[in-house]
Amino acid sequence: MEFNSKLLRKAEKHIHRLQRNIYKALMDGNQRKFVKYQKLIVKSYDGRILALYRVAKLNKGKKTAGIDGIKIKLTDKKTVDKVLRKARRIVQGFEEWEHAPIRRVNIPKPNGKLRPLGIPTQFDRVMQAIVNNVLFVIQEYQIAKHGLKSFGFRKGFKTADAIKSLVPYANQGKQARIIEADIEQCFDKIDHQKIIDVLTKYEVIEQVKQMVKGCLKAKILEGDIFHANEMGTPQGGILSPTLANIVLREHLDIPFEQEMRKIKAKQGISLLTYADDIVIAQSSHGKEEKLEMVKQSVSNLLSEIGLNLKNEKTKIITDDTPFNFLGFEIQRGKGIRLNPEMIKRTRKKVKNSLKRGRNRYRVVKEVNAIMRGVYNYAGNFSSGKMWKQLGKIHFDITKRMFKLYKDYGKDIAIFKDVTKTSNYKPPQRPTTLEDKEYWDKRSLTDFPSKKKAKYRFQKGICPICLGSLGYDPTLLQVHHLLEKSKGGKDTNRNTILVHQVCHETHHKL
């Protein structure tokens with residue numbers, strides 16, 4: 001089969017509709033419909049199409065193979081058909097899915113320690129993506145139903161949403177307090193039985209539970225040695241963050257909210273989570289003596305699922321000592337800025353590029369890539385202190401470039417195609433499964449400025465297939481009418497916005 005934008009749009013629309021039906025059935029407590037739509041989405045042809053496209057095209061790990069060494073390419077029709085056929089036989093019950101062993105790779109962390117990643121085969125990732133179509137809805141239901149402040153690994157949400165939630169603390173007076181905590185080896189130590197118990201509680205169909213069990217029990221290959229996997233959801237798989245989210249919301253956030261109300265300590269206390277990072281903020285009208293009790297409550301809830309708080313990263317802050325969260329430094333009463341360590345690392349990278357005797361255009365390319373990465377991360381959230389930090393780096397780059405090359409010309413495009421938001425507004429809906437029109441319009445604000453201008457100029461139409469461009473910027477690319485290799489430039493007249501699939505198909509012709 002051949003992938004095209006029309007096929008993907010149809011598949012995405014169908015799967016989103018099924019997910020919304022599952023979500024509505026959960027909200028209404030309609031068990032019959034909940035079971036019916038689970039079976040439909042797992043066996044759906046469109047679900048297999050989207051899962052394959054996600055693994056082979058969208059995921060960062062698309063170039064990384066598992067222990068079988070196979071990388072799925074959408075241009076290889078024979079492989080694509082083989083994968084889709086095998087996936088169909090598994091979801092329809094004609095063949096049993098045996099998850100292949102997971103390849104273990106240790107990635108160095110900034111603090112010098114290693115983060116273990118588990119890399120499944122690409123076929124197993126496709127199967128995980130199919131299962132995730134169901135589990136994603138349960139995760140969103142938990143958060144929306146109970147009004148939880150959880151933002152990690154969620155479609156439509158990002159770090160800016162979590163940081164924005166801490167603005168009241170950063171602007172409050174001397175009585176506001178914080179409990180900053182981190183879960184120790186969260187993904188590696190979650191109890192497998194607790195995961196299955198949560199899925200059983202929400203009455204997930206047996207087929208999905210068995211597929212999840214297969215993922216959890218897959219052996220781990222480290223070097224030449226196979227290890228049994230008795231606990232945890234290895235980072236690197238598609239299911240890992242969703243399973244961790246579901247269990248943590250069920251055993252941490254929801255009971256925490258209930259316990260705080262029960263002991264009358266809820267007033268002024270709010271729990272914020274992003275993956276394995278926890279922040280508990282207490283407003284100025286709360287009582288300080290309750291903080292130690294709140295911290296112990298979190299520790300007790302985590303111990304029930306085999307997890308512990310990381311002692312060196314867990315602390316109660318009762319003064320204006322700043323703390324770091326998701327790359328930002330937050331200080332009571334003094335606002336929010338980027339983590340000084342991030343700024344320091346950025347300066348070091350830029351300094352290594354701006355060395356005397358190097359080719360000017362190569363330097364420009366390197367520096368722009370560094371700064372664009374920082375701006376793309378920081379640009380969604382805005383604060384005067386943050387822009388002052390970045391402004392100083394930009395000034396120093398300008399000064400150094402002029403000293404090296406006696407010029408700072410138009411080709412030094414530090415701000416090129418970078419989204420900068422001066423007043424970021426958090427989502428007004430708890431999940432992307434509610435009010436599709438609102439979320440579609442909101443996602444348009446995430447487009448980089450040049451792509452957004454082209455989108456509006458083209459009235460949301462792809463000039464190649466004449467279909468709707470949709471609202472996901474990651475699925476769109478800029479096409480040069482006159483190729484750059486033939487002298488084409490990045491001007492408005494020479495570029496159009498097209499589907500990624502249309503762009504690739506066009507260049508194959």
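Guide: Ala, Val, Leu, Ile, Met, Phe, Trp, Tyr, Cys and Pro count here as nonpolar, Asp, Glu, Lys and Arg as charged, and the others, Gly among them, as polar. This is a predicted model, with local features needing pLDDT of at least 70 and side-chain atom pairs pLDDT 80 or more, while totals for chains, interfaces and linings use all residues. Residues are numbered from 1 along each chain, and side-chain values use heavy atoms, without hydrogens or water.

Visitor: By class, how many charged residues does the lining of the largest cavity have?

Guide: The largest cavity is lined by 14 residues. Gln-128, Cys-215, Thr-233, Pro-234 and Ser-240 lie nearest its centre. Seven of the lining residues are nonpolar and seven polar, and the number charged is none.

Visitor: Which element gives the largest share of that lining?

Guide: Two elements give two or more residues each to the lining of the largest cavity, α10 (206-216) and α11 (239-262). The largest share, three residues, comes from α11.

Visitor: How far apart are the end C-alpha atoms of helix α3?

Guide: Helix α3 covers residues 45-58, 14 residues in all. At 1.5 Å a residue (times one less than the number of residues), α3 should span 20 Å. The distance between its end C-alpha atoms agrees with this, at 19 Å.

Visitor: How many residues of α3 are buried?

Guide: Asp-46, Arg-48 and Lys-57 are among the buried residues of α3 (under 20% relative accessible area, 1.4 Å probe). Its buried residues pack (heavy atoms within 4.5 Å) against α1 (5-28), α2 (31-43), α4 (77-91), α5 (122-146) and α18 (500-508). α3 is mostly covered, and of its 14 residues the number buried is ten.

Terms used
1 Å grid on protein atoms, 1.4 Å probe; cavity = no way out; pocket = protein on both sides within 12 Å on 5 of 7 lines; lining within 4 Å. Helix = DSSP H or I, 4+ residues; strand = E, 2+ residues; numbered from the N terminus. Buried < 20%, exposed > 50% of the residue type's maximum accessible area, 1.4 Å probe, protein only.
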